Amino acid sequence: MSSATDGAGPRFVDKVAIVTGGGSGLGEATAVRLGSEGAHVAVLDIRPEAAEKTVARITEAGGLAHSREVDVSDPASVRRVVADVATEVGRPQVLVNCAGVGQFDLSEEVAIETWNRTIAVNLTGTFLMCQAVLPYLLDGGGTIVNIASNSGLQGIPYAAAYAASKGGVILLTRSLASEYSGRGVRINAVAPGGITTPLLENFVFPPGADPTRMPRGSRVPHAHPDEIASLVAYIASDEARFMVGSVVSMDGGLTA
Ligand SMILES: NC(=O)c1ccc[n+]([C@@H]2O[C@H](COP(=O)([O-])OP(=O)(O)OC[C@H]3O[C@@H](n4cnc5c(N)ncnc54)[C@H](O)[C@@H]3O)[C@@H](O)[C@H]2O)c1
């Protein structure tokens, strides 16, 4: 099996890794990367057919992976799936929270359903997954990487719900990191910006919006999901042993 290892050997052999949102974009790239480095990957997504496609990519390359359907915003769904993975695949040692939703709206018009769903998936869903996986991480060690965004570090017009959810993910990450540091669990966040994924295409300016209000106007830099997945894999690996409670930007200078 070919391994993407940065020359240091596969870093996740014999480790069970859970990746939410693993059916698309950054979650898919992260699941494939961890699988290529020996992890047994549990690919979780609300779209089971998408998760299954990612599993096929990993197993066809010689890796180990299983898919599970989950709605990260639903506490019962999260608890059930995490217990299932622990029983049928093994003790989770790595959790990467990639599941996310977002769109642009005029803030004076945004529907309460859109606001609630954005917070429920991006922020509450990240917390629920952390809460469900933490007992396994505490039982022998492990790590969590939460996917925040440049939108969690700066004001973004027309994205109040999304930016609020991602700002929440950043302080959730730092709070959990300070609560669990010294107990064998490292928790960090990555704050990407402008990755070429289906989610980015969802951010369409509504009528009445002024795109020049964006932090860099219309000049949004773009990264391939693999570039961010490489950073996530480093942070999840033992090479990043001393990284605790960090929020690492990778956004082509959006927040510089
Ligand atoms: N694309 C970007 O430019 C960008 C920038 C910064 C941060 N991010 C963040 O990266 C993460 C991944 O986004 P992406 O760009 O790869 O998007 P994507 O749309 O390609 O992938 C998101 C995945 O999450 C899944 N999902 C949505 N709701 C879910 C739920 N309730 N339960 C389980 N799975 C659910 C979707 O089915 C999808 O497969 C998100 O948290 C996003 O906010 C993306």
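This is a predicted model: local features need pLDDT of at least 70, side-chain atom pairs count only at pLDDT 80 or more; totals for chains, interfaces and linings use all residues.

Residues are numbered from 1 along each chain as its sequence is written, and side-chain values use heavy atoms, with hydrogens and water left out.

**Aromatic pairs**
- Rings of Phe, Tyr and Trp (its six-membered ring) pair if their centres lie within 6.5 Å, and planes under 30 degrees apart count as stacked, over 60 as edge-to-face and the rest as tilted; the count comes to 4 aromatic pairs.
- F104 and F203 form an edge-to-face pair, with 5.0 Å from centre to centre and 75° between the planes.
- F104 lies in the loop between strand 4 (92-97) and helix 4 (112-138), and F203 in the loop between helix 6 (198-202) and helix 7 (225-236), so this pair ties together parts 99 residues apart in sequence; helices (H or I, at least four residues) and strands (E, at least two) are DSSP runs, numbered from the N terminus.
- The rings of F104 and F205 are stacked, because their centres are 4.7 Å apart and their planes at 15°.
- F104, Y158, Y162, F203 and F205 form one aromatic cluster.

**Burial**
- Buried means under 20% relative accessible area, exposed over 50% and partly exposed in between (1.4 Å probe, protein chains only).
- F104 is buried at 10%, F203 is buried at 17%, and F205 is partly exposed at 32%.
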